[in-house]
Each structure stands twice: as C-alpha cells, then as structure tokens.
Number of protein chains: 2
Amino acid sequence: MRRGKVPYSALLSYTTEILEKLGYSREQAEVTAWVLVEADARGVCSHGVARLSFYESNIRDGYTFTGAPIEIVRETPLSLVVDGHHGVGACVAQFTMTRVVEKTKHIGAGFGAVRNSNHFGMAGLWAEMATAEGFIGMAFCNTRICAIPTFGRERILGTNPVCFGIPSSGKTPFLLDMATTTVAHGKVEVCERRNKPMPAGWVVDESGDDTTDTRHFQKLFRSSRPEGGHLFLGGAGEELGGHKGYGLGLFVDLLCAGMSMGTWSRDTFNAEGGGISQFFGAIRTDLFGNRTDIENHVESILHQVRQSAKASGRRRIYIHGEKEAESRAQSMAKGIMLDDASWKMLDDYAVKFGLEKLAPEGRPGVRRLAAALD
Amino acid sequence: MRRGKVPYSALLSYTTEILEKLGYSREQAEVTAWVLVEADARGVCSHGVARLSFYESNIRDGYTFTGAPIEIVRETPLSLVVDGHHGVGACVAQFTMTRVVEKTKHIGAGFGAVRNSNHFGMAGLWAEMATAEGFIGMAFCNTRICAIPTFGRERILGTNPVCFGIPSSGKTPFLLDMATTTVAHGKVEVCERRNKPMPAGWVVDESGDDTTDTRHFQKLFRSSRPEGGHLFLGGAGEELGGHKGYGLGLFVDLLCAGMSMGTWSRDTFNAEGGGISQFFGAIRTDLFGNRTDIENHVESILHQVRQSAKASGRRRIYIHGEKEAESRAQSMAKGIMLDDASWKMLDDYAVKFGLEKLAPEGRPGVRRLAAALD
C-alpha cells in the first residue's frame, strides 16, 4: 500500500506544519523541516521525516525545549562555544555553522563547539555549508548510547558520526558523512522485520561476544541495562581493525563533549537531561593555493578514482556524496519516495492535529500556492 | 638467535651513523634516527629501524635527495605550503610541524600542506608535537599504492594514515594513529612467513574478490601490474562499512595531495619520481575554554571508558596511545627489543660501512660516552 512519491515542496510545508503543532516556532519548524526533508530527498531515510516521532518524544520527555535560548558562551575570531540549552538541534547547528563560515571568510578558518543540543539531522548538511563557499567543511556529533569500545560489552558511546567535505570543480563536493559504527541501528531493525540474522561484525551480545542473533540483540538493545551494543567500523577485536573504528568514535566524543565541556555519549538522555555535543569546522582552501587550481586538482584525483578498474560484477566506483546528490536530483524531478511507515505516521499526525492529509501529488492548497509563487 | 634488547641511546647513535653513511647530513641523520628509534621503542616496528633499507633504496633509486632544499611556497598567518623537493621526509615533517605549532601559539590554529616529500615515520610523532603544547594535533599522509576503492580491483590509493591527538590531564594524550586500510602490509608478510591464509577482509585479488590466499596475493602485490590490493577499514563491499574506510583513505589523499597541489597515492614513486604528500594541523584547546578544565574533562571521559565493563576474557579497555606509551616506558627502562631481521640488517650495515657492530648492551664507545654525559 505504498502510495508513491511526494513533491519536495509539499513534504516540506507539511513537515513544517507538524513541527509547529509540536510547539516549534515558525522559524524553528522551517529549519528543522528542511533538514529532515533534505535527508529523505537524498535517500538517507534514517535521518528524514521518520524522525518526527523521535522529535515529538524528545519534547514530551523533557529533552528538547523549543523556548530555549541559543547562547554563545565563549568567542574568539577563530572559534565559538555555544550552549544550546536543550533547544532545537537543527537551529543550534545552523546558528553555529553560520558563524563558523563567517569566521572562515574573515580569518581563514573557524571552529564551533556545541553543548546541550539535540539531534541535528545529517551531518553532511552542515559540512556542506562550508563546501558551498569553497571551504573544507567538518561536522561531528555524539549521540544516544549505542556502541561499545573494543574489548568492552557496555554501551557507552554513540554512533558518533564524522563528516568531512572537500570542494571540487566537479558536479558535487567530496562529502564523507559516516557513522563510526559499522552500521546504524536502522539496519538491525530491517533484519528484525525480515526475521533474519545479522552479518557477524555488526554487534556484540551482553558478554561482548560477536552475535548474529537479531531477536536476542534487539531485546538487549531495548533493555534499560546498557549491555551489548553496536561495534565500531572494523568489528570486534583487532583482527579487522575494530580498535581503529572505536578510536574514531572516541575521538568524536573527545572533540564534541571535550571541547564544549558538554555531555559525552554515555550521559546523553540521562536523568539529568544530558544533551548532545557537537563540533563544526571550516578551513579556506585558498590558504594553500589558488582555489580554482586546488578544486581542479581535487576533481582530477576523483575522476581517476572513478575511472579505475572495477571489481568483477561492478560497474561503478562511487565518490562519497555522489549517491546522495543523484538521489536528490531524482527526488526534485520526480518526487521523494517515502516508505509505508512514514506515510502512516504523516497521516496519523494529520488526524491528531486536524490537518489536511498529505497526498502523493501534494495537497491542493499547496499546489495552488506553489503555482502562485512560480 | 634473537640477541636481546638494545639501549635507546645506543640504537639512536648507531642509526644516526648509518644514515650519515647513506649520505644524510648530521642533522638529517639525527632527526631521522629519532623518528625510527621512537617507533621501535613504542613497539611500532613497522616504522622502526627496519625501514633503513627502504630509505637506502629511495636514495639509490632517485626518490630521495639529501641535498634538497625545504621550500615554503606559500605562507599565511594560519598556514604554509612546503615543497620538500624530494628531500628527507622526517626533516620536512619536523620543519612543517614546528611552524604549524608556532602559528598555533600565535593565532590559535595552524595548518601545513606538504608536497614532494618522503616517508615521515609514524604520524603520531608529529601530532604529538601539538599535544605536547596542549593543542589538538593532526597528521595525515599518502603513501605508495597499496589499496583499492570499494568496488575496485586496482591499487590506486595508499595506506593513507590519519592521526588525531587530543591533550588530556592523564598520563598520556589520546593519540589515534591508524592506517585507513584494515591492516598494514607487514601483517600479510607475517602470514606469508608462517605459511598461513589471511583472514577474509584484508585484501582482494586481481578480480576485486575477497581472498585469503596469502601466496597468490603476494605474487600480485609484488607484480608491476597494480591489480589486487588491500581493503580499507570495513573490508570489501558495503555490508561491513568498507565504503567508510575507503572514504577516510580518499579524504586523506584529497587533503594531502589536493591542498598541496602534490602527487596523489597512485602517482607516488612513479617514473617521474612522484613524492609523498602530507598535511598537518593544530588547534588550541583554549579557543574553547579553560585549558585545564578541558583536559580534566577529556581525562574524565577516558577514565570512564577504561572503567566500563569488559568483554568475557578481557581485562582491559585501551585508550589509543596507551599501549605505545607503555612500550616506550618499558623500552627506556629495559632496552628496545629488535627482531632477528633487524639485527641482521644492522650487522650488515656495520660490515658494509666498516662500523663497530651494535651489541645488545650497546657498544663500548657509546657506553663510555653515555657515562661521561651522565
């Protein structure tokens, strides 16, 4: 009963309305809706409108306060530290990265550390604010506990994504946006729905041993005891480099929580309402040479990587960010594909808040508005 | 026929002498010997004195010129770009990171991009120059071809290490120094010597298919055709996140070669004598708050990670840099352990250059000198 695609603008305005009903100001709702809809448009559904119910529960459970001020607690020409006071994550991120980009324009580089924030959507959107100006961009954040350190069995670290963007003269910048865990939890849920075991190397059980038993792991993961959890990139132990992935995840926590004097993953969403910590950065490429020459050189490397010989049965070598950019172009042309669960959630919100349901081709009112604006 | 350990100072002076015989100036030899002996002292033998024969072949084959000038081709208050003119890698790295640290002292952050350099030893040593001052430190470099992109079968990228250091108030800083490939090639050589298969997830064959056949892979790896190669962290395909490790490796090349307008991995050590590209960075932590408070906060996170529950059969959770620091303390107290092959190589150099052989307890002349200096 998939009901097809929905136009970007229709999903954006509908999501904005729901967020306003949840208590967001118009501006907060617009920024957050943009963050969620961009993720769906790029095919990164894990960070798309499906998150609305998580955002709702964060307000209900006292982790997000829509009235919180965004406070700069320290600032230098190169840097700022922001206390989000448990406000709206997307707005805190946009505020901080906007200033990081301004600093970079003026002085050559900029860094922002954030404490007491909330989920900021896909990290790539924030690094892209830098690459759009021709700067190197970076974004990091810690998250709710989910992952274990090498030789551990306790969930104390998050998926802790890293994002690095480098501008090129090609169609899209290089944009690596990755959880430092092997997979996001959404992939475990897919195995659960399909009643399938997981590949070895994703998670460990309560003893810290590699497990492929999806049902058992989900029981552990949903329990209040933090035993068993996701493995970092490289899997269990050291043979396939699991200690490296764990190092990257830990680095993210030290950078985000350490520099902002904020909460580290283990203490996020705890009884004291621990918020999320984040870190943003940008560096001008013309510190190092002529911007155009550098962007051409970057693109020539990427071109040669794309052209290199393919493995048997493979037709393409991807550059990071390409799949997402192509999904976005497709979504803008033909609409954004939503899964059944997302459609149902959106319909439920329509009922709950007395809104006109979103239709696959957009709602008549919105279509008229869009036509008037064209 | 392992002949035991050797004192740090004895190995340092012996290595310095050999490098002078290879054509290094006294200063170049001292810096390079320090880089190599530090690696052995820390248990990172892959980057220790065993590299002397590689350094010798680089001179012989026209990849390293000991008379090359170190040239700053661009400089701003925040940054510099260095052309190493195919000189001595350790000296170029020390020169660049010294200036990066100076810039960071003055302005708050510093970045250095290097082209046409050579092997700089363990990346961690350079990031540590920043953490020793209380700064965040970073070092990256590309390398000779060795690794393949996800869905590829051609060696076009290097082991491309990343290193991030964060100062803490504990005994050692957090120091993550990792090849972005699953393993360094030295581990394949161990399997070869033991006549054993490799674990799946290390390498692929000439078709780009996962292989555990050590003998066949070594034949491919030693061939002049760049087919088959190491996998990045996460292994083949996307199921265990191989595309993430590949992204990190590619990021390193774009940062090092891209920003310096230097050679990317595929073109290092080619007919045109392509050199190695590197990137260094440092950021003051007091941009973000009181340095002591931040270092204490970092250490408190690390402490809680160390204290968290262990997997069955495991007694310790390590922080990155701890193992190496403990090895170093052990080496300083009891001498540096060298393997048979390293002893043989050092003895061969004694014969070749008419030097007094290094003895496990150091050489008599050096012991007298050390005593006189005490």
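Mentor: Start with a hairpin: two residues link strand 2 of chain B to strand 3 of chain B. Keep in mind that this is a predicted model. The two strands pair in the antiparallel sense, over five bridges. One residue pair to find is Arg74(B) with Val81(B) opposite, in strand 3 of chain B. As background, strands of a sheet pair through backbone hydrogen bonds. In a regular strand, side chains alternate between the two faces of the sheet.

Now step out to the interface. Chain B and chain A each put 70 residues into their contact. On the chain B side, strand 2 (71-76) and strand 3 (79-83) are among the elements that give two or more residues. Strand 4 (109-117), strand 6 (162-166) and strand 7 (174-178) of chain B are also included. So are helix 8 (242-260) and helix 9 (291-307) of chain B. Helix 8 of chain B supplies the largest share of that side, 12 residues. By class, the side of chain B that touches chain A has 36 nonpolar, 22 polar and 12 charged residues.

How are the two chains related?

Helix 2 (residues 26-41) packs on helix 4 (residues 89-107) at about 90°, with the axes 8 Å apart. Angles of 65 to 115 degrees count as roughly perpendicular, so helix 2 of chain B is roughly perpendicular to helix 4 of chain B. From helix 2 of chain B come Gln28(B), Val31(B), Thr32(B) and Val35(B). They meet Ala90(B), Cys91(B) and Gln94(B) in helix 4 of chain B. By class, this contact has four nonpolar, three polar and no charged residues.

Cross to chain A for another helix pair. Helix 1 (residues 8-21) and helix 2 (residues 26-41) of chain A pack at about 135°, with their axes 8 Å apart. Helix 1 of chain A is therefore oblique to helix 2 of chain A. Their crossing is right-handed. Helix 1 of chain A brings residues including Tyr8(A), Leu11(A), Leu12(A) and Leu19(A). Among the residues on the helix 2 side of chain A are Ala29(A), Ala33(A), Trp34(A) and Val37(A). The residues of this contact divide into 10 nonpolar, three polar and four charged.

End on a sheet in chain A. It is an open sheet of three strands, in the order 9-8-10, with antiparallel pairing. Strand 9 (210-211) and strand 10 (229-230) of chain A stand at the edges. Each has a single partner strand, so one side of each is left without a neighbour in the sheet. Strand 8 (residues 203-204) of chain A pairs with strand 9 of chain A in the antiparallel sense, over two bridges. There, Val203(A) has Thr211(A), in strand 9 of chain A, as its bridge partner.

Methods
Residues numbered from 1 in each chain as written. Chains lettered and ligands numbered in written order. Predicted model: local features only at pLDDT ≥ 70, side-chain atom pairs only at ≥ 80, totals over all residues. Pairing = 2+ DSSP bridges. Helix = DSSP H or I, 4+ residues; strand = E, 2+ residues; numbered from the N terminus. Axes fitted to C-alpha atoms, helices over the stretch in contact; angles between N-to-C directions. Parallel < 35°, antiparallel > 145°, perpendicular 65-115°, else oblique. Left-handed = near helix turned anticlockwise from the far one by under 90°. Contact = placed C-beta atoms within 7 Å. Nonpolar A, V, L, I, M, F, W, Y, C, P; charged D, E, K, R; others polar.
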